[in-house]
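User: I would like to go through the labels used for this model and see what each one rests on. Please set the values against the cut-offs.

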Amino acid sequence: PWGEAAKYVLGARCISFVPVQQLAMEANDELFAWTGMRNAPIAMYDGDPPQSTWHEILLLDERIGSGPSLIPDDPLDRALMMGLSTEICGPDGFAWNRRLEMMARPSTRNPSGDTSKYDMARMTQSYGVSAETMAAAPQRMVAIMQGLAAQLHKQRAAGSDYLLGGQLSAVDLHWAAFAGFIAPLPPEQCPMPDFMRDNYSHLTPELAEALDPVLLEHRDRIYQRHIALPMDF
């Protein structure tokens, strides 16, 4: 989802790019030799330092892209957008905690994968994996989902189809990308291995209760209006 979100922002800002492969959970030594990082996404532009967080990539795209800005002009709306996107994309955010929740499930695995390649020690250290954080992850996700749903209901009452104001902003693209972590689009729109679809679709009772229909309605609307389907990996 982090990589898809970066692609959506690049597309909305009319920026062409060359994708480079990163192998999830593996050492990615060649990537590290080039960028100094093993994760993805990382944006490399001219002589700029590597840009690796959603915030860094967004600001780079705002600087070099064209067309309508994805960051509101109003200072309070800008702050709210940045805050909501942090809750979705950032450390201890929605996706961060979904990853922890998935790690807590014995069923979360690739049945045909070679797990000997996985750099689990680095992941455990980088992502704060512990029994406590994995146990707390679903409730943290619930709080974020409830906040997003409340904002969407508020916006709907004001006559807007977007999370902020009356036009597309980065947080709309971020939620569209990360909603797939709990409710993937259908196979004809989002092809993925069956084991991954099962993992992404699995909901604890509290997550199922917090999945307000308005969250998926917003996701579908953003894809229909602003992101090409089917998804292209």
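**Labels and their grounds**

Analyst: In this predicted model, Arg 38 has a relative accessible area of 22% and is partly exposed.

User: Why is Arg 38 called partly exposed?

Analyst: Buried requires under 20% and exposed over 50%. Arg 38 has 22%, so the label is partly exposed.

User: What makes the contact of Arg 38 with Asp 29 a salt bridge?

Analyst: The closest N and O atoms of Arg 38 and Asp 29 are 2.8 Å apart. The cut-off is 4 Å between a side-chain nitrogen of Lys or Arg and a carboxyl oxygen of Asp or Glu, so the pair counts. The whole structure has ten salt bridges.

User: How do you know that Asp 48 and Arg 63 form a salt bridge, and where do the two residues lie?

Analyst: Their closest N and O atoms are 2.5 Å apart, and the limit is 4 Å. Asp 48 is in the loop between α2 and α3, while Arg 63 is in helix α3, 15 residues apart. Arg 63 is exposed because its relative accessible area of 54% is over 50%. Asp 48, with 24%, is partly exposed.

User: Why are Glu 4 and Lys 7 described as about one helical turn apart?

Analyst: Both are in helix α1 (residues 2-12), and they are three residues apart, so about one helical turn separates them. Glu 4 has a relative accessible area of 11% and is buried, whereas Lys 7 has 25% and is partly exposed.

User: How do you know that Cys 89 is in no disulfide?

Analyst: The nearest cysteine sulfur, that of Cys 190, is 17 Å away. Cys 89 is buried at 4% relative accessible area, and Cys 190 is buried at 5%.

User: What makes α8 roughly perpendicular to α11?

Analyst: Helix α8 (residues 170-178) and helix α11 (residues 213-226) pack at about 110°, with axes 9 Å apart. The range for roughly perpendicular is 65 to 115 degrees, so the label applies. Residues in the contact include Trp 175 of α8 and Tyr 223 of α11. By class, the contact has seven nonpolar, one polar and two charged residues.

Key:
Residues are numbered from 1 along each chain as its sequence is written. This is a predicted model: local features need pLDDT of at least 70, side-chain atom pairs count only at pLDDT 80 or more; totals for chains, interfaces and linings use all residues. Side-chain values use heavy atoms; hydrogens and water are left out. A disulfide is a pair of cysteine sulfur atoms within 2.5 Å. Buried means under 20% relative accessible area, exposed over 50%, partly exposed in between (1.4 Å probe, protein chains only). Axes are lines fitted to C-alpha atoms, for helices over the stretch in contact, and angles run from 0 to 180 degrees between N-to-C directions. Helices (H or I, at least four residues) and strands (E, at least two) are DSSP runs, numbered from the N terminus. Angles under 35 degrees count as roughly parallel, over 145 as roughly antiparallel, 65 to 115 as roughly perpendicular and the rest as oblique. Contact means heavy atoms within 4.5 Å. Ala, Val, Leu, Ile, Met, Phe, Trp, Tyr, Cys and Pro count as nonpolar, Asp, Glu, Lys and Arg as charged, and the others, Gly among them, as polar.
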